[in-house]
Amino acid sequence: NKVKRHRIAISASILTAVLAIVLFLPLPHYVRCTFEIQPRGAEAIYAVAPGKITQVNYKVGDKVEAHNAVLVEIESLSLESQVAELAGKHAETLAALNSLRERRFRDPSAELQIASTQEVLQMTEEQLTEKRQQLSRLKVVSPISGTVQPCASSCARIVPTAAAASALLTVMRTSSEPASA
């Protein structure tokens with residue numbers, strides 16, 4: 001009986017010690033991690049074509065108006081040369097078409113070339129329109145009203161002034177403007 005009580009006492013002591021260690025050993029009550037707070041309603045702005053930034057019109061903290069503020073101007077020599085080349089090709093094709101229209105009464109073969117020249121002219125006009133649109137997008141305009149804010153990787157954002165504060169730029173929306181853009 002004494003042996004059993006002695007073993008029970010030792011077992012109870014060990015159990016009590018383990019329980020005390022579990023209950024009183026300080027365990028971490030917080031977790032360390034990195035996080036990024038992103039504003040609600042912010043609009044990131046990216047360059048639409050490769051090129052060289054020639055002018056930055058706003059700095060971090062400046063307030064901007066929607067569709068009125070040219071934030072950054074980008075120069076793309078290759079895009080500009082493509083537009084000039086297409087404009088020259090368009091003028092050349094238009095002159096050839098006018099010449100064919102004048103000659104069609106004297107030369108029957110000119111009448112056959114008019115349709116293909118008109119196709120070439122239409123394709124050139126479409127390409128020229130597309131390239132001019134790309135060229136116009138080299139002036140980066142603010143999509144919303146707000147404040148220019150920095151973001152993590154060498155860019156900035158425009159964030160609404162009512163939002164929490166983090167592409168080329170991000171625009172934070174002002175509190176008076178609706179969230180649909």
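1. **Contacts of H90.** H90 touches L121, T124, E125 and L128, leaving aside residues up to four places away in sequence. Contact here means heavy atoms within 4.5 Å. The model is predicted: local features need pLDDT of at least 70, side-chain atom pairs count only at pLDDT 80 or more, and totals for chains, interfaces and linings use all residues. Residues are numbered from 1 along each chain as its sequence is written, and side-chain values use heavy atoms, with hydrogens and water left out.

2. **Where H90 sits.** Is H90 buried or exposed? H90 counts as buried because its relative accessibility is 19%. The label "buried" means under 20% relative accessible area, "exposed" means over 50%, and "partly exposed" lies in between (1.4 Å probe, protein chains only). H90 belongs to helix α2. Its side chain makes a polar contact of 3.1 Å with the side chain of E125. A polar contact is a pair of N or O atoms within 3.5 Å; within protein, one must be able to donate a hydrogen and the other to accept it, and residues adjacent in sequence count only if both atoms are side-chain atoms.

3. **The whole chain.** The chain holds 3 helices and 8 strands. These elements are DSSP runs numbered from the N terminus: helices are H or I with at least four residues, strands are E with at least two. Along the sequence, the pattern reads α-β-β-β-β-α-α-β-β-β-β. The chain has 181 residues, and 26% of them count as buried. The chain exposes about 12900 Å², with 57% of that supplied by carbon and sulfur atoms. Accessible areas come from the Shrake-Rupley method with a 1.4 Å probe; for residues, only the protein chains shown count as cover.

4. **Helix α2.** α2 has 27 residues. From first C-alpha to last, α2 reaches 39 Å, close to the 39 Å expected at 1.5 Å a residue. The expected span is 1.5 Å times one less than the number of residues in the helix. The buried residues of α2 are L79, V83, L86, H90, T93, L97 and L100. They pack against α3.

5. **Helix α3.** α3 covers residues 108-136, which is 29 residues. Its first and last C-alpha atoms are 43 Å apart, close to the 42 Å expected at 1.5 Å a residue. Where is the kink in α3 centred? The kink is centred on I114, and it is about 30°. The bend at a residue is the angle between axes fitted to the seven residues ending there and the seven starting there. A110, I114, T117, L121, T124 and L128 are the buried residues of α3. What covers them includes α2 (77-103).

6. **Nonpolar cores.** In soluble globular proteins, nonpolar side chains tend to be buried together. A nonpolar core is a set of buried Ala, Val, Leu, Ile, Met, Phe, Trp, Tyr and Cys residues joined through side-chain atoms within 4.5 Å. Here the largest core has 11 residues: I45, A49, V64, A69, L71, V72, I74, L79, L138, V140 and V148. Strand β4 (residues 70-75) gives the largest share of this core, 3 residues. A second, separate core has 5 residues, including L97, L100, I114 and L121.

7. **S145.** S145 lies in the loop between β5 (139-141) and β6 (146-151). S145 counts as buried because its relative accessibility is 8%. Which side chain makes a polar contact with that of S145? The side chain of E65 does, at 3.5 Å. The S145 side chain also reaches the backbone nitrogen of A66 at 2.9 Å. S145 and A69 are 76 residues apart along the chain, yet their C-alpha atoms are separated by 8.9 Å.

8. **T147.** T147 sits in strand β6. T147 is buried because its relative accessible area is 7%. Its side chain makes a polar contact of 3.4 Å with the side chain of K63.

9. H67 is in the loop between β3 (63-64) and β4. H67 has a phi near 60°, a positive value in a residue other than glycine. With a relative accessible area of 59%, H67 is exposed. Q134 lies in helix α3. Q134 counts as partly exposed, at 22% relative accessibility. Q134 and E80 are 54 residues apart in sequence, and 9.7 Å apart in space, C-alpha to C-alpha.
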